[in-house]
Amino acid sequence: MLDRNKAWSLLTEYTQSESLRKHALSVEACMKAYARKLGDDELKFAITGLLHDFDYEKYPTPAEHPFVGNKIMCELGYPEDVLTAILGHAEYSGVPRETNLAKALFACDELAGLITAATLVKPSKNIADLDAKSVRKKMKDKAFARSVSREDIIKGAAELGIDLDEHITFCIEAMKSIAGELDLAGVLPS
């Protein structure tokens, strides 16, 4: 049985970094929105997004992440499709993404990071001022948010069968719904 409170406890037990927690929340918001769009299980999509990197802070190497976290989640009784989707979000795992759950997670993960970074360099620091065009512009700048895989973002949208600009806009909208929690609601004028 999936439980959001238990998933949040698991995340916060392993993840102290505020930015990693916010990343988890942003991917959760995108995943929940995709579940709605695809007519899928919102709670399952949301929890998969929330927990996809929960082990990353303690186990950051490709040899460990997401494998250690997957083992922990397996022992806690998480469903097989959630575990498979989380394994599949790491290209190097070799686990194919065959379900909407797995495809959506892969498509949303890197993009959520890029959207956050693109918002934080805006003078307003407000996600409401961000659009697909400005995110695409940042994608072209290889020095910007260097750790974000542009290839994964492009491949993710293609695997989901959605136009890249539409996918970016969709994820921006999903993240806007929790902008306050993500500290992306802008800076107050002093």
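Student: Which side chain is joined to that of His52 by a polar contact of 3.2 Å?

Tutor: The model is a predicted one, and the distances are to be read with that in mind. His52 sits in the loop between helix 3 and helix 4, and its side chain also makes a polar contact of 3.0 Å with the side chain of Asp109. The partner in the contact of 3.2 Å is the side chain of His23.

Student: Is His52 buried or exposed?

Tutor: Leaving aside neighbours within four places in sequence, His52 is in contact with residues that include Val27, His65, Ile86 and Leu105. Buried means under 20% relative accessible area. The relative accessible area of His52 is 1%, so His52 is buried.

Student: Where do the buried residues of helix 4 fall, seen down its axis?

Tutor: The buried residues of helix 4 are Gly69, Asn70, Ile72 and Met73. Seen down the axis, they fall within an arc of 160°, so they line one face of the helix. Helix 1, helix 3 and helix 5 are included in what covers these buried residues, while Lys71 and Glu75 are exposed on the other side. The place asked for is therefore one face of helix 4, within an arc of 160°.

Technical notes. Residues are numbered from 1 along each chain as its sequence is written. This is a predicted model: local features need pLDDT of at least 70, side-chain atom pairs count only at pLDDT 80 or more; totals for chains, interfaces and linings use all residues. Side-chain values use heavy atoms; hydrogens and water are left out. Buried means under 20% relative accessible area, exposed over 50%, partly exposed in between (1.4 Å probe, protein chains only). Helices (H or I, at least four residues) and strands (E, at least two) are DSSP runs, numbered from the N terminus. The arc is that of the directions from the helix axis to the C-beta atoms. Contact means heavy atoms within 4.5 Å. A polar contact is a pair of N or O atoms within 3.5 Å; within protein, one must be able to donate a hydrogen and the other to accept it, and residues adjacent in sequence count only if both atoms are side-chain atoms.
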